[in-house]
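Please consult the sequence and the structure as displayed below.

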Amino acid sequence: MPATTLVHHIGQLVTPTGNGAVPGGGAERLAIHKDVEILLEGDRVGAILPAGSGARADREVDAQGGIVLPGLVDACLTFDRIRGATDSAVRRRALAALGSVAALGTTAVDLRMSHRDGSPGLEEGLALASELGHADLLNVSVSAFSAPSETPSPGHEDRVTSLVGQTIPAIRRARRVATFAVACGAAGYTRKEALVALRAARGAGLELRIESCGSVAEAVGVAGVVELTAIDRVRHVSHDEARALRDAGVIAVLEPGRPLIFDEAWPSARPLLDAGVPVALASYADLIMGGVASLWTGVAAAVKRMGMSLNEALCAVTLNGAAATHRAHVAGTVEVGKSADLVILDLDDYRDIPRFAVGMPVSHVLRAGREVAAR
């Protein structure tokens with residue numbers, strides 16, 4: 001019989017509901033429960049009970065009147081190896097970064113191994129990313145991202161041949177890699193090239209995503225032909241492009257941290273939400289090179305600068321993030337049967353969350369029912 005944990009003295013339990021991405025303004029609807037406690041059975045949520053139910057458990061976690069939310073899901077955390085660094089040094093730094101992310105309340109990440117086609121070190125990098133996937137800090141799904149070489153060969157056909165004939169087979173051999181993504185747009189592959197690569201990846205049994213490089217139009221064009229889960233790094237979209245994204249059935253992944261690094265204009269999420277597009281948020285960070293790793297910073301920026309309501313932003317870093325990473329059936333909400341991934345905040349009211357762009361008062365983080373961080 002699995003060990004049980006009772007999370008009690010909860011001020012508010014705030015969670016989306018369901019097993020799939022929530023489109024547009026539907027993300028406004030969160031379930032907010034008071035006077036409840038949560039019984040965890042092993043790595044799953046066993047029951048949501050009235051406060052003071054008298055339920056017995058092997059251990060207890062006192063929320064001390066704080067806010068309980070689903071563990072956050074980072075739809076894209078990148079991992080670029082440093083040239084010249086030893087694997088042990090990279091692994092040490094990457095594990096430390098994962099620990100910091102976990103302590104902030106993120107319980108699942110899509111770890112994106114970036115690679116420029118034709119560069120050396122792909123298989124070694126994928127092996128290291130897969131090893132990090134076994135770290136017992138977060139639920140890590142590994143995806144491989146390919147962009148064309150910065151100094152391409154004279155013919156586009158050559159780089160697509162290399163991508164299909166060498167890169168994708170190498171990715172397939174890295175058994176922990178579940179998703180393949182390509183850059184598409186002015187700084188990436190052309191629409192035709194991206195389609196060739198994605199179809200080859202689908203044939204290799206991989207899930208598909210695409211990264212928008214510049215205008216989203218090229219990526220939307222690809223999404224209209226092949227079935228994609230998400231389009232990453234969506235920035236500015238017109239109302240027509242937003243409707244095209246909706247019709248393609250993809251999740252738009254935005255990175256609120258990017259303008260903080262590059263001093264860019266803040267993208268507006270409203271055209272996407274108003275068109276009925278599911279929106280997820282990702283950190284703008286790399287395990288080795290740094291960036292904005294806190295999804296709480298992303299939530300605050302989304303609310304204050306990008307036109308999202310707090311409820312929409314919270315859904316974007318929980319259920320919609322889980323959907324973008326193929327985990328919505330087990331993560332992203334606090335519901336019976338789902339993974340026992342919880343973050344507890346030392347706040348009286350969840351509406352205070354945007355005030356803490358930095359220094360969110362996280363008191364406990366539980367992943368799969370096990371406490372990975374506590375203050």
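The model is a predicted one.

## Strands and sheets

An open sheet is built from 6 strands in the order β3-β2-β7-β18-β19-β20, and its pairing is mixed. Its edges are formed by β3 (31-33) and β20 (370-374); each has a single partner strand, so one side of each lacks a neighbour in the sheet. Ignoring direction, neighbouring strands of this sheet are turned by 20° against each other on average.

At one end of the order, β2 (residues 12-15) runs antiparallel to β3, and the two are joined by 3 bridges. Within this pairing, V14 has I32 of β3 as its bridge partner.

Strand β1 (residues 4-8) has two pairings to consider. With strand β4 (residues 36-41), β1 runs antiparallel, and 4 bridges join the two. Here T4 stands opposite E41 of β4. With strand β6 (residues 59-62), β1 pairs in the parallel sense, over 4 bridges. In that pairing, the bridge partner of H8 is D62 of β6.

In a regular strand, side chains alternate between the two faces of the sheet. How many residues of β1 are buried? The count is 5 of 5, and the strand is mostly covered. T4, L6 and H8 lie on one side of β1, T5 and V7 on the other, and all of them are buried, which leaves both faces covered.

## Charged pairs

Side chains of opposite charge can pair when their charged atoms come close. The structure contains 17 salt bridges; the table gives three of them.

| Pair | Closest N to O distance |
|---|---|
| R191 and E218 | 3.1 Å |
| D352 and R355 | 3.6 Å |

R191 is located in helix α4 (residues 191-203) and E218 in helix α5 (residues 217-223), so the pair ties together parts that are 27 residues apart in sequence.

In the salt bridge between D352 and R355, the closest N and O atoms are 3.6 Å apart. D352 has a relative accessibility of 24% and therefore counts as partly exposed. R355, at 61% relative accessibility, counts as exposed.

## The aromatic pair

A pair of aromatic rings is described by the distance of the centres and the angle of the planes. The structure holds 1 aromatic pair. The ring centres of F262 and Y284 are 5.7 Å apart and the planes stand at 75°, so the arrangement is edge-to-face. Distant parts of the chain are linked by this pair: F262 is in helix α7 (residues 258-262) and Y284 in strand β16 (residues 284-286), 22 residues apart. F262 counts as partly exposed at 44% relative accessibility, whereas Y284 is buried with a relative accessible area of 15%.

## Two buried residues

T179 is part of strand β11 (residues 177-185). Its relative accessibility is 3%, so T179 counts as buried. Which residues does T179 touch, when those up to four places away in sequence are not counted? They are V142, S143, A144, L206, E207, L208, R209 and H326.

V237 lies in the loop between β13 and α6 (239-248). At 13% relative accessibility, V237 counts as buried because the limit for that class is under 20%. Apart from neighbours within four places in sequence, V237 is in contact with V216, A242, L245, P271 and L272. For one of these, P271, the C-alpha atom is separated from that of V237 by 7.2 Å, although the two residues are 34 places apart along the chain.

Technical notes:
Residues are numbered from 1 along each chain as its sequence is written. This is a predicted model: local features need pLDDT of at least 70, side-chain atom pairs count only at pLDDT 80 or more; totals for chains, interfaces and linings use all residues. Side-chain values use heavy atoms; hydrogens and water are left out. Two strands pair if DSSP finds at least two bridges between them. Axes are lines fitted to C-alpha atoms, for helices over the stretch in contact, and angles run from 0 to 180 degrees between N-to-C directions. Buried means under 20% relative accessible area, exposed over 50%, partly exposed in between (1.4 Å probe, protein chains only). Contact means heavy atoms within 4.5 Å. A salt bridge is a side-chain nitrogen of Lys or Arg within 4 Å of a carboxyl oxygen of Asp or Glu. Rings of Phe, Tyr and Trp (its six-membered ring) pair if their centres lie within 6.5 Å; planes under 30 degrees apart count as stacked, over 60 as edge-to-face and the rest as tilted.
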